[in-house]
Amino acid sequence: MHVKTASIVVAVFAAAQTSALPKAEQPTQHYFQNAELGPRPQFLVTDMDEGWLKDRLSACSDMVARPTKFSIGHRGGACLQFPEETRESVEAGTRMGAGILECDVAFTSDRELVCRHDQCDLHTTTNIVATDLNAKCTTPFTPARNGTGATAQCCTSDITLAEFKSLCGKMDGYNASATTPEDFLHGTPAWRTDLYATCGTVLSHKEFLELVDAHGRDFTTELKQPRVPMPFDGDYTQERYAQQVIEEYRAAGIDPSRVWLQSFSFADVAYWLQADPAFGAQAVLLDESGDTPESFPGAVANLSFYKDAGVQIVAPPLPYLVALGEGDEYIPSDYATTANALGLKILTWSLERSGPLAQAAAADDYYYSTIANGTHKDGDMYRLVDVLARQVGVLGIFSDWSATVTYYANCFGFF
């Protein structure tokens, strides 16, 4: 789950061919003492039902906001409007007050770590299919024909770091009816925008660390699960992959107290707990094991095992933590109450990933699936944030538009 503030992007998407031009040196970074929230939080507040929560949030409309760790920049913190996992997303998320910024890591063919939400998403999040690197893709672009949609699969492990850095980040999406590589690059959902997707600056993990450190913010790196057989290239094991993340933090001189490592794999978290307890102490176990009504009770039951194994922080998606009570009120779920009873700390993901909420609820959107019948308009987003913050007691919320969470956190004093 990118205003060009401290970076200059000089590459453009050309209509006939999309390629990255050389990029200028980045200006010296600095700490942003205040947060720039823009109009969206007030738009959401105005859309709320009348009541004490709307009154409280409305009263904060003229506040000077500051960064908060309660606001976690998902995929950089601005991917509602900026290409995810790019310098521009991180810069915008930082300006909107995210106190923790995220880089999901995958590895290249030369075993370098780069910021990508999936090892094999380059065909939907970059311009790779419209470049010569398309030939290196696991599945190069194939045009739509005879009723069969266009396809491609391009992985970070298909190319080197240098080749990866030549790409332009774009909004996630693709055009299944495309007959040319350039047409395949389209497909951004209508409720997002391509306004800032001229040529997003893709990042190595090392560059991400340097950028976020220069702004004085904290870090969360998710170890994405490999999409290729492991060990990769002979001896690159899962453990070496997990250890490499820690080694890059240590080489950058970043204190473990500023780092929240993440993985959906319990084995990865267990490795960090044993191999480097300083980093393992804040390792986050992401949990999507209860996506169906049949599997949800098992996900709740597993929390005791995780606690006994030394896990301190769990991060389920939004719908695991809330349910509908009387009068369609949002209330803490069994998962939330169990985690709190066990003394587990909780993060959650991902706000601002669903588009207009009336449409999301009608379509049984994943992130609102447990509260869809009580969700009617965009203003309900702050009802959800409020229950997560004050009743569930989450440590922070990952968001695709950091200003939304930053506004609430500043109004209620969550820092």
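How many aromatic pairs does the count come to? It comes to 26, where rings of Phe, Tyr and Trp (its six-membered ring) pair if their centres lie within 6.5 Å.

Everything here comes from a predicted model, in which local features need pLDDT of at least 70 and side-chain atom pairs count only at pLDDT 80 or more, while totals for chains, interfaces and linings use all residues. Residues are numbered from 1 along each chain as its sequence is written, and side-chain values use heavy atoms, with hydrogens and water left out.

**View 1. Aromatic rings and two arginines.** One aromatic cluster brings together W52, F70, Y382, Y407, Y408, F412 and F414. F412 also has the charged end of R56 over its ring, 4.2 Å from the centre. For F415, the residue lying over its face is R66, at 3.7 Å from the ring centre. A charge sits over a ring if NZ of Lys or CZ of Arg is within 6 Å of the ring centre and within 35 degrees of the ring normal.

**View 2. The largest nonpolar core.** This is a set of 95 residues, that is, buried Ala, Val, Leu, Ile, Met, Phe, Trp, Tyr and Cys joined through side-chain atoms within 4.5 Å. Buried means under 20% relative accessible area (1.4 Å probe, protein chains only). Among the residues with the most contacts inside the core are L57, F208, Y382 and L388. Helix α15 (residues 380-392) gives the largest share, eight residues; helices are DSSP runs of H or I with at least four residues, and strands are E runs of at least two, numbered from the N terminus. Beyond four places in sequence, L388 is in contact (heavy atoms within 4.5 Å) with L318, L321, V322, T348, G393, V394 and I397. Another core, of 19 residues, lies apart and includes L122, L133, A144 and A152.

**View 3. Helix α7 and its cover.** Buried residues in α7 (residues 205-214) are H205, F208, L209, L211 and V212. Their cover includes α3, β2, β3, β8 and α8. Just after the helix, G216 takes a positive phi of about 75°.

**View 4. N134 in its loop.** N134 sits between α4 (122-125) and β4 (139-142). N134 counts as buried because its relative accessibility is 15%. Leaving out residues up to four places away, N134 touches I128, V129, P140 and F141.

**View 5. Confidence.** The protein averages a pLDDT (the predictor's confidence in each residue, from 0 to 100) of 93. Over residues 1-24 pLDDT stays under 50.

Notes:
Buried < 20%, exposed > 50% of the residue type's maximum accessible area, 1.4 Å probe, protein only. Phe/Tyr/Trp six-rings, centres within 6.5 Å; stacked < 30°, edge-to-face > 60°.
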